[in-house]
Amino acid sequence: MGAEKAEPEKTGDGHHIIVDGRRWRATDPAIPETFRHELVDELMSARRAVKAGEGDARRRVGDAKTALGERGAPWWEERSGTGFDERIASAVRALVRKRGESSICPSDVARTVGGESWRAIMDDVRRVTAHLADQGQVIVTQKGEPVQLRDARGPVRIVRGPEL
């Protein structure tokens, strides 16, 4: 049997971990385990891409770390404003990269960045996703066909766009 990997020491408030005497921002504990696992997988893949010298690798690392809450606006503060919009955008990009040819649901993003109150941020997720679609970073589909998210009613899916 393998040895259990010890959890890093955390600060009293749980906002940071201590590694080799240095303080690093902790991952947002409100991220559901399945999405946290996907984001960590994307982060590790992006780090390998950095080592291999791939062009977009550092952006991928930044997106994964921001989606995890380890960069950008602190996850323990109010979930609003441009810093929170960037976390939403980073989560969209990181999850669609991780899923490759598969799609994600806007609620996947809301659950990742919104904690228990994820339903309250669905409008923000749709707004930020529409902006990413305008930039060609993602494509929003409904019943397998591309749609304008601002006009779509009902469930939609998000896939990787040509500019991502």
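1. S107 has its place in helix α4. The model is predicted, and local features in it are taken up only at pLDDT of at least 70.

2. Is S107 buried or exposed? Its relative accessible area is 12%, and because buried means under 20%, S107 counts as buried.

3. Which residues does S107 touch beyond its sequence neighbours? With neighbours within four places in sequence set aside, S107 is in contact with W118 and M122.

4. The residue G100 belongs to the loop between α3 (81–99) and α4 (106–114). S107, discussed above, is in helix α4 itself, whereas G100 is in the loop between α3 and α4.

5. The relative accessible area of G100 is 32%. This value makes G100 partly exposed, because the partly exposed class lies between the 20% limit for buried and the 50% limit for exposed.

6. How far apart are G100 and V159 in sequence and in space? In sequence the separation is 59 residues; in space, from C-alpha to C-alpha, G100 and V159 are 8.2 Å apart.

7. The space in the largest cavity is about 50 Å³.

8. What lines the largest cavity? The lining consists of A73, P74, W75, E77, E78, R79, F84 and R87. By class, the lining residues of the largest cavity divide into 4 nonpolar and 4 charged, with no polar residue.

Conventions: Residues numbered from 1 in each chain as written. Predicted model: local features only at pLDDT ≥ 70, side-chain atom pairs only at ≥ 80, totals over all residues. Heavy atoms only, no water. Helix = DSSP H or I, 4+ residues; strand = E, 2+ residues; numbered from the N terminus. Buried < 20%, exposed > 50% of the residue type's maximum accessible area, 1.4 Å probe, protein only. Contact = heavy atoms within 4.5 Å. 1 Å grid on protein atoms, 1.4 Å probe; cavity = no way out; pocket = protein on both sides within 12 Å on 5 of 7 lines; lining within 4 Å. Points joined across faces, edges and corners; volume = space filled by probe spheres on them. Nonpolar A, V, L, I, M, F, W, Y, C, P; charged D, E, K, R; others polar.
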